[in-house]
Amino acid sequence: MSHRVFITGVGLISAIGDTPEENWQSLVEGKSGIGTAKYVDSKLTDRFVFGEVPHSNEELKQIAGLPSDANFARTSLLAFIAAGEALLQAGLTSSEIDGIIMGCTVSSMCETQKLYENAQGIDNGSMLYDRYDIGSVAMEVSEYLGHIPYHNTINTACSSSANAIMQGVMMIRSGRAKRVLVGGADALSKYTINGFNSMMLLSEQRCSPFSGNRDGINLGEGAGFLVLEGEESIASKPVLAEVEGFGNANDSYHATSTSPEATGPTSAMQKALRTAGISSEEVQYINAHGTGTENNDETEFQAIRKVFDKQIPLYASTKAYTGHTLGAAGSIETIFSLLMLRHQTVIGGNYTLTHDDKISILPLEASKKVPLRRVMSNAFGFGGNCTSLILKAGRE
Amino acid sequence: MKYYLNHSSCISPQSSFEGKFPYEPFTNQTTHHILASEPDYKPFFPMNLLRRMGKISRMGLTTGLKVIEDSKTDFDAIISGSAYGSNEESFKFLDQIYKYDEGPMTPTNFTQSTTNVVSSQLGLMTKNYCYNSTNSQKAHSFENSLLEGMILLDNQQASHILVGAVDEISEYTFNLFGLLNWVRKDQVTPQEALNNPGTGFVPGEGSAFFHLSTQPESECSVEVAYLKTFAGIDQENVLKEIRQLEEPDLILTPRNGDLENDKAVNHLIAPFEDIPQIDFKQFFGDSPTVSAPATWLAQQLLNPAMTGFQGIQWERPLTSILVFNKFATGQSSLLLLKK
C-alpha cells in the first residue's frame with residue numbers, strides 16, 4: 001500500500017495557453033485570457049466576457065492529432081489535448097494506467113442545439129446521442145489514449161475535478177491502483193452561460209476576485225490532467241509534486257450559495273491539513289476558489305481566516321486569467337499550484353483591488369518570487385460541495 | 001478489510017419501497033417504458049417542497065432518508081451515482097433557453113439539473129457536513145459509487161457511508177434511447193420482452209440506497225465480497241474473472257430480451273451455466289443504474305427466511321449471490337454478495 005502519492009505528469013489547456021508551459025508564461029507575464037468569446041454559440045457573448053480557449057474545434061482537432069471529420073464535442077477535444085500532454089510528461093502509455101477519474105459538468109452538452117433537437121427525438125445526424133451524459137468524456141479519453149480499464153467521472157459541480165484528484169489519491173493509497181490519470185474538462189456552452197446568467201452571476205468585465213468592486217464570474221473553459229503514481233511505482237523517476245493533503249466537506253446550507261459561517265469551506269481546508277498531518281503555518285500560499293461573486297469570496301475569506309487564524313498566508317485566485325472553468329477548475333488550478341511550487345513564484349491577480357469591509361486582507365496583486373514548500377488549492381461547488389487539496393514540493 | 005451493506009431502501013417499478021415481496025405484476029406500464037411505483041412522499045417532504053422537486057430528487061432523497069431513518073446511524077459520507085442526472089430539469093431549462101431566446105429566465109430548473117442534486121440535498125436536509133460526492137459513469141455509476149465508499153473506508157476517511165444510485169426515465173432520455181435504437185418498438189412488459197426476444201429493451205427507473213460500513217450492523221447485513229467493472233471493450237475479461245470466482249448459490253443475470261445483449265450474457269455466464277439464474281431486469285425494466293435495485297434484490301434474497309423466488313426453490317438459505325450487470329453502453333459489472 002502506497003501512502004505517498006506523487007504527480008509525475010501534467011497537461012493543461014485553457015484560455016491562456018495550450019500547454020502547462022504556455023499557461024505559466026501567461027501567468028507570470030500577467031496576461032489574462034478573458035475577452036470576447038468567438039466560438040461558443042450564445043447571444044450572451046455580446047454582453048459578457050469569457051475565458052474562451054482561442055481555437056476553433058477544427059484547430060483543436062489538429063492539436064489533438066485527429067482528422068477534421070472526427071466527431072467529438074469541444075469538451076472532449078480539450079480533454080484529449082490535456083490528457084495526452086500529462087501522459088507524455090509522465091513518460092507512460094495508457095496500458096500502464098489503471099484508471100481515469102475526471103470531473104465534468106458539461107460533457108457533449110456543449111453542443112446545445114444538437115442536444116435540444118435530439119432530446120425531442122429529432123435525428124439531426126449529430127451522432128452524439130449516447131454522449132451527452134457526464135461520463136462520456138472519460139470513456140472517450142480512454143479510447144483516444146489507447147485503453148484504460150477503469151473509468152469514473154465525478155460531478156460535484158465546480159469542485160468536480162478537485163474531487164477526481166482526491167479520489168485518485170485515495171485509490172492509490174488503498175492499493176487498488178498504482179497509477180491513475182485524474183483531471184477535469186469543460187467547454188463553454190449555451191447551457192451553462194444561460195444558467196449562470198439566470199442566477200445573475202455573470203460579470204461584464206474581467207472578474208476581480210476578493211476585490212470590493214467585484215461583480216461576478218467570467219465563465220471559462222479548458223482541461224487539466226495529472227498523472228498520479230504511488231511511491232512504489234515511480235522508483236527514481238522525477239516527480240513534480242506530492243499530493244499531501246485532501247479534504248471534502250459539505251456546506252449543507254443552500255443549493256447555490258455558501259453559509260455565512262463558512263462551514264463547508266472551513267471544514268474542507270481543516271481536513272486537508274489533517275490528512276497532510278501539518279499545521280496551518282506550514283502552508284505558504286492558498287490558490288483560492290475565488291470566483292469573483294459577492295457570496296463566494298466573502299465566505300471563502302472568512303473560512304481562510306478561521307483556519308489560518310493569525311497567520312493568513314499569501315492567497316489569490318487565478319480566475320481572472322482563465323475564467324471559471326467549472327468542472328475543470330479544480331484540476332487546472334491544482335496544476336497552477338504545482339507550477340507555482342516548481343517556479344517558487346506566487347501569481348497575483350494583476351487587477352486593481354478595492355477595499356471590502358468583509359475581506360480584511362486583500363489577495364496578492366502582483367506575482368513575486370517566494371520560498372514555497374506547500375500550496376493549498378480550493379474548489380467549491382453548487383450543492384455545497386467543498387474540496388481542498390495540499391501540494392508539497394518535490395519528494396523530500 | 002471487509003465491507004457490508006446494511007439497511008437499504010429501494011424505489012422501483014415494483015412495490016419495493018413498501019417491502020412487498022415477492023413481486024406483483026406491474027401497474028405502471030406505459031406504452032414503451034415502465035415507471036417507478038412511487039410511494040406516498042408526504043411523510044418525507046413538506047408539500048411546497050415536493051411540488052418543486054424533480055422525480056430523481058423525490059426517488060433518490062426518499063430512499064436515502066429512509067436508510068438514515070431505519071439505520072439510526074450518523075453517516076459520515078454521502079455518495080450517490082446517476083448516469084443521466086436530472087434530465088427532466090435539464091431539458092426544461094434548455095427549453096427556456098430556446099423559448100426565450102436566451103432572455104431572462106428563472107434559475108430553478110438550472111440549479112436542480114446538476115447531477116449532484118441528490119447527494120447535496122441529502123446533506124442539506126439532514127444537516128450532514130461530511131464527505132459528499134456524486135459519480136456519473138453511465139452504467140457504472142452505482143458500482144463506482146460503491147467503490148468510492150469502499151476506498152473511503154480503506155483510507156479511514158469515513159466509517160458509515162450512505163451510498164446509492166438513482167436514474168429517472170424522462171421523455172428526453174427516452175427520446176435519446178430511441179435514436180440509439182435501444183428501445184423495444186413493440187408494447188411489451190419486460191417479462192414478455194424476455195420471453196420474445198427482439199431488438200432493444202424496456203426502459204425502467206428507480207433508486208436504491210444502502211448503509212455501507214466495515215461491520216455487519218443489522219440482521220439484513222450482507223458482505224460485499226467482490227466488485228469489478230468492465231469497460232465495453234473488456235468484455236472478454238468478464239469471462240476470465242467469472243472463471244476465477246468461487247461459485248455463488250445464485251446469479252442475478254442481465255438478460256433483457258434484446259437478442260444481442262442476451263447472446264453476450266449467455267456467452268459470458270457460460271462457466272456458471274449450472275448455477276440457478278434469475279433475470280432481474282424483468283422486475284425493474286432496464287436502466288444504467290438498475291444494478292442498484294438488483295443489489296437490493298440480492299440482499300433480500302439472502303435473507304435466511306427466503307426459501308425460493310420466481311419458481312426457484314432452495315433447501316437451505318442462500319449464502320452468496322453474484323449480481324451480474326450488462327447495459328446497452330457495452331459496460332458490465334460483477335458484484336458478489338455474501339451472507
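Which residue stands opposite Met102(A) in β4(A)? The residue is Gly183(A); point 3 puts this pair in context.

1. Basis of the model. This is a predicted model, in which local features need pLDDT of at least 70, side-chain atom pairs count only at pLDDT 80 or more, and totals for chains, interfaces and linings use all residues. Residues are numbered from 1 along each chain as its sequence is written, while chains are lettered from A and ligands numbered from 1 in the order in which they are written.

2. Domains of chain A. Chain A splits into domain 1 (5-234) and domain 2 (245-393), with bounds that come from an automatic or database domain assignment. The C-alpha centres of the two domains of chain A are 21 Å apart. Across the boundary, 63 residues of domain 1 of chain A contact 55 residues of domain 2 of chain A; two residues are in contact if their C-beta atoms, placed from the backbone, lie within 7 Å. On the domain 1 side, the elements giving two or more residues are β1 (5-13), α1 (20-29), α6 (160-173), β4 (179-186) and β5 (222-230) of chain A. Helices (H or I, at least four residues) and strands (E, at least two) are DSSP runs, numbered from the N terminus. α6(A) gives the most to this side, with 8 residues. By class, the domain 1 side has 32 nonpolar, 27 polar and 4 charged residues. Here Ala, Val, Leu, Ile, Met, Phe, Trp, Tyr, Cys and Pro count as nonpolar, Asp, Glu, Lys and Arg as charged, and the others, Gly among them, as polar.

3. Strands β2(A), β3(A) and β4(A). β2(A) (residues 99-103) pairs in the parallel sense with β3(A) over 5 bridges, and β2(A) also pairs in the parallel sense with β4(A) over 5 bridges. Strands pair if DSSP finds at least two bridges between them. Ile101(A) has Asn152(A) in β3(A) as its bridge partner, and Met102(A) is opposite Gly183(A) in β4(A). β2(A) is largely enclosed by the rest of the structure, because 5 of its 5 residues are buried. A residue is buried if 20 or more other C-beta atoms lie within 10 Å of its own, exposed if 12 or fewer, and partly exposed in between, with C-beta atoms placed from the backbone. In a regular strand the side chains alternate between the two faces of the sheet. For β2(A), Gly99(A), Ile101(A) and Gly103(A) are on one side and Ile100(A) and Met102(A) on the other, all buried. β3(A) (residues 150-154) is mostly covered, with 5 of 5 residues buried; Tyr150(A), Asn152(A) and Ile154(A) point one way, and His151(A) and Thr153(A) the other way.

4. Overall form of chain B. Chain B contains 12 helices and 12 strands. Its radius of gyration, taken over C-alpha atoms, is 19 Å, close to the 20 Å that the globule rule gives for 339 residues, so chain B is as compact as a globular protein of that length; the rule is 2.2 Å times the number of residues to the power 0.38. The C-alpha trace of chain B spans about 60 × 45 × 35 Å along its principal axes. Of the 339 residues in chain B, 58% are buried. Among contacts in chain B with a separation of 6 or more, 77% join residues 24 or more positions apart.

5. Contact between the chains. The contact takes 51 residues from chain B and 54 residues from chain A. Elements that each supply at least two residues of the chain B side include α3 (87-99), β3 (131-135), α6 (141-154) and α7 (171-179) of chain B. This side has 23 nonpolar, 22 polar and 6 charged residues. In α7(B), the buried residues include Tyr172(B), Phe177(B) and Leu179(B). The cover over the buried residues of α7(B) includes α4 (112-118) of chain A and α3 of chain B.

6. Backbone points to check. Most residues other than glycine have a negative phi. Lys138(B), in the loop between β3 and α6 of chain B, has a positive phi of about 50 degrees. Lys138(B) counts as buried, with 27 C-beta neighbours inside 10 Å. Gln156(B), in the loop between α6 and β4 (161-167) of chain B, also has a positive phi, near 50 degrees, but Gln156(B) is exposed, with 11 other C-beta atoms within 10 Å. Asn181(B), which follows α7(B), has a positive phi near 65 degrees.
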